[in-house]
Amino acid sequence: CDWSSDVCSSDLSSACAAAAPADEVAREQYPESQAAALRLLMQGNDRWARGRPRHPHQSVAWRRHVAGGQKPFATVLSCIDSRVPPEIVFDRGLGDLFVIRTGAQTLDDLVVLGSVEFGPNGFPSSRLILVLGHSSCGAITAAISVIQSGGRAPGHIQAVVDALRPAYRVAVRQPGELEHNMNLAQTRLTVQRLKRVPLLRRLIVTDGLMIVGGHYKLETGRVKLIA
């Protein structure tokens, strides 16, 4: 069976469907540590960047297998940008990741933060949180324009701008390209904030929860760990 493309001959389709979940589990067990989970993500990103993705856990049979329950090994908080889907960037599949996406990976004090807390609090398998920024971020660029002009963004987009002001204050004092520095600052500040959240801080101490930051470059497809 060619599980990378989900194609089986008609004569073997039923056999493939029955064998796929056990075969996929046998080939790749879920990581047993936070470091192993991070390594699995970075290995997948390397495959993606080199143009050699395996598309694990994306077969029809695997979809049926995980319908009865999930065991994600990481949570990814990333930007809403259409060019940065975490499952593709890290070459993962169904049931592997909790994914929360907001403009420039911003947090609020309620729904977004609660969603980030949900994974590691409810699933012992999920003991890694990765905050993922990326190059050429439109939310960062728009926030810079609004902040520097002293104006306001339309609608609730202003809330994203306000959430990015701390990163702007850090980046504007640094040498180099403002958008890039602000993006890195936003990721680092988000990691720091998550580490101070009481529920997550307790999980860091008691269960070894790992919270890290990464920066994705659109042109190369590579993620670099930055915090």
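Student: In this predicted model, which residues point one way from E3 and which the other way?

Tutor: The side chains of strand E3 (residues 128–134) are mostly covered, with seven of its seven residues buried. Ile 129, Val 131 and Gly 133 point one way, and all are buried. Pointing the other way from E3, and likewise buried, are Leu 128, Leu 130, Leu 132 and His 134.

Student: Which residue in E3 is the bridge partner of Leu 77?

Tutor: Strand E1 (residues 74–79) and E3 run parallel and are joined by four bridges. Within E3, the bridge partner of Leu 77 is Val 131.

Student: How many bridges join E3 to strand E4, and what is the bridge partner of Leu 132 in E4?

Tutor: Strand E4 (residues 210–216) runs parallel to E3. Leu 128 of E3 stands opposite Met 210 in E4. The bridges between E3 and E4 number seven, and the partner of Leu 132 is Gly 214.

Student: In what order do the five strands form the open sheet, and which strands stand at its edges?

Tutor: The pairing in this open sheet is mixed, and the order is E2-E1-E3-E4-E5. Each edge strand has a single partner strand, so one side of it is left without a neighbour in the sheet. From one strand to the next, the twist averages 25°. The strands at the edges are E2 (97–102) and E5 (223–225).

Student: Which strands does H2 touch, and what angle does its direction make with that of E4?

Tutor: Helix H2 packs on the sheet, where the strands touched are E1, E2, E3, E4 and E5. Among the buried residues of H2 are Ala 36, Ala 37, Leu 40, Leu 41 and Gly 44. The direction of H2 makes an angle with that of E4 of about 15°.

Student: Why does the distance between the end C-alpha atoms of helix H2 agree with its number of residues?

Tutor: Helix H2 covers residues 34–49, which is 16 residues. At 1.5 Å a residue, H2 should span 22 Å. The two values agree because the end C-alpha atoms are apart by 23 Å.

Student: Which residue with a positive phi follows H2?

Tutor: The phi of this residue is near 75°. The residue that follows H2 is Gly 51.

Student: At what angle to E4 does helix H8 run?

Tutor: Helix H8 comprises residues 178–196 and lies across E1, E3 and E4. Relative to E4, H8 runs at about 165°.

Methods
Residues numbered from 1 in each chain as written. Predicted model: local features only at pLDDT ≥ 70, side-chain atom pairs only at ≥ 80, totals over all residues. Heavy atoms only, no water. Helix = DSSP H or I, 4+ residues; strand = E, 2+ residues; numbered from the N terminus. Expected span 1.5 Å × (residues − 1). Buried < 20%, exposed > 50% of the residue type's maximum accessible area, 1.4 Å probe, protein only. Pairing = 2+ DSSP bridges. Axes fitted to C-alpha atoms, helices over the stretch in contact; angles between N-to-C directions. Contact = heavy atoms within 4.5 Å.
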